[in-house]
Amino acid sequence: MLEIFDYEFMQRAFIVGISLSILTAVLGSFIVLKRYAMLPDALSHIALLGVGIGLVTHSSPIYVPIVVAVIAAISIEYLRYKKRLYSDAILSIFLSGALAMAIILINISDGFNASLFSYLFGSITAVSDQEVNITVGFTLISLLLLLGSYRKLLFATLDEASAQASGIPVFWLNLMLVVLSAVTVALAMRIVGILLIGALMVLPISTALLYKENFIKTIGMAILFSLTSVISGLVCSYHMGLSSGASIVLIALGFFIISLFLNL
Amino acid sequence: MPVIHVEALNYFVGKQEILSDISCDIEQGDYVALIGPNGGGKTTLVKMILGLQTPSSGKIDIFGIDRKHFKSWHKVGYVPQNVSLFDNNFPLSVYEAVSLGLAAKKSWFSKINQEEKIQIEEAIHIASIEEFRDKNLSELSGGQRQRVMIARALVSQPEILILDEPSTGVDIASQHKFYDFLRRLNREQNLTIIFITHDLGVIADDVTHVLSINQKLVYSGTAETMLSCEAVSEVYGTKAHVVHTH
């Protein structure tokens, strides 16, 4: 069993997986409670546009998707909060627009190959040392920011108007949340895959919500479901040669279905 | 000095006039009903007082300070509309919900200290929700949630409490208890309370001041005078017959 850790690529996959499972659970909790569950999906397709730009320009496959996703996240939040456009409509426009541009760019670069598939569905062998360092560092900074502002963020999530009336900088907190989500999605696409990262952010908190506990316990349960899904998904992926993203998401879905029956 | 001073307030959306030349004063300890037809501008006026919307022209002072420079928002508690319709899945205990009222005052990473814990317990006690303190919001009725949100607004020890249609979603039997509770808060805590309502029966009982808004300030004065048929007709733009039951 433990021979799995003899391989450096598995060590890297576990470090990145564990970091991201905690971060996606916490970020996903706020995102889902804000009724913004489409955001990770939109951001992941926008990150694919970053991959397309990277392929055409032969630039970094790590940094370009991050930059593109962050710019899009800021634009989305600006249009939602300042221009009061419907959030689901904005997300749908960004998602389809980014996907269309990504397909054209990948077409131009002749990039429909195995490498693209690892971005779409995730691959445990795809994680580099550089990505491990960036992911762990980013996770620590993000968790500190979320922990430091959690009470204000929670108030703004429950009731934006009252939070703003009490003097909480709601726009800046929302912006922080979407920017952190954008970077997380761009980092997680290597291991979970662009098509499945949305599910990893939404499923653990949706499962935890079924138990109707208070906020702290719900977040704790979401982290536990996410962590267990990622670790067991990576083990399944290694032993059965399956896609890591699909294994992780199917296990997370399993937790959701079991919890649904337990809480009927 | 009035706690809220509104002077020549105007608000336009495009060319449409939403509020026109509104001026009024609210004094410390007032118990004020803000009434008027739907779309008359009541909620807009409240949002402007709270700094959630910016007027096209005019002035609002809070505790003598221009609203644009006012920083002590913890002195103004706010309970929004449709509290009883809050998301049933939101995982929040009553204690957690009340403690959110301190969020604006807290700096990053600071925990709730002993003094603030006492403030939370006091707010829970004043709102008479001790028996629900560890329950989730989803387990409470509309009226009970309304009290939780009031406790949340009270925990920062405000001097003004503003409520937007607080009895929406609360059954009729609970409405009377709820307004009795508000009146007690006003008297016992010397809290200035402003609430938006459509329920003219409520304002007849206890309010010290009625503001009637229908784009412009139609009436400002006592409830007794307000409930003359002429004043009610002018506010709602329809003929009215008021039946006095006592």
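**A helix contact and its surroundings**

Modeller: In helix H1(A), the residues Thr24(A), Ala25(A), Leu27(A), Gly28(A), Ser29(A), Ile31(A) and Val32(A) meet Leu200(A), Met201(A), Val202(A), Pro204(A), Ile205(A) and Ser206(A) of helix H10(A), where two residues are in contact if their C-beta atoms, placed from the backbone, lie within 7 Å. This is a predicted model, in which local features need pLDDT of at least 70 and side-chain atom pairs count only at pLDDT 80 or more, while totals for chains, interfaces and linings use all residues. Residues are numbered from 1 along each chain as its sequence is written, and chains are lettered from A and ligands numbered from 1 in the order in which they are written.

Helix H1 (residues 8-33) and helix H10 (residues 197-209) of chain A have axes that come within 8 Å and cross at roughly 75° (lines fitted to C-alpha atoms, for helices over the stretch in contact, with angles from 0 to 180 degrees between N-to-C directions). H1(A) and H10(A) are therefore roughly perpendicular to each other, the term for 65 to 115 degrees, whereas angles under 35 count as roughly parallel, over 145 as roughly antiparallel and the rest as oblique. The residues of the contact of H1(A) with H10(A) divide into 9 nonpolar, 4 polar and no charged, with Ala, Val, Leu, Ile, Met, Phe, Trp, Tyr, Cys and Pro taken as nonpolar, Asp, Glu, Lys and Arg as charged, and the others, Gly among them, as polar.

Another helix pair of chain A, H2 (residues 39-57) and H4 (residues 87-108), packs at an angle of about 25° with the axes 8 Å apart, and H2(A) and H4(A) are therefore roughly parallel to each other. The contact residues of H2(A) and H4(A) comprise 19 nonpolar, 2 polar and 1 charged.

Turning to the partner chain, 22 residues of chain A are in contact with 21 residues of chain B. On the side of chain A that touches chain B, two or more residues each come from helix H7 (150-158), helix H8 (160-165) and helix H11 (215-240) of chain A, and H7(A) gives the largest share, 5 residues. That side has 9 nonpolar, 8 polar and 5 charged residues.

In chain B, 6 strands form an open sheet of mixed pairing, in the order S6-S7-S8-S3-S9-S10, where strands pair if DSSP finds at least two bridges between them and the elements themselves are DSSP runs numbered from the N terminus, helices (H or I) of at least four residues and strands (E) of at least two. Strand S6 (76-79) and strand S10 (216-221) of chain B are the edge strands, each pairing on one side only. Within this sheet, strand S3 (residues 31-35) and strand S9 (residues 209-214) of chain B run parallel, joined by 4 bridges, and Ile35(B) stands opposite Ser212(B) in S9(B). Helix H5 (residues 172-188) of chain B packs on the sheet, touching S3 and strand S8 (192-196) of chain B, and its direction makes about 155° with that of S8(B).

As for confidence, chain B averages a pLDDT of 84, with 87% of the residues scoring at least 70, where pLDDT is the predictor's confidence in each residue, from 0 to 100. The model scores ipTM 0.82 and pTM 0.86.
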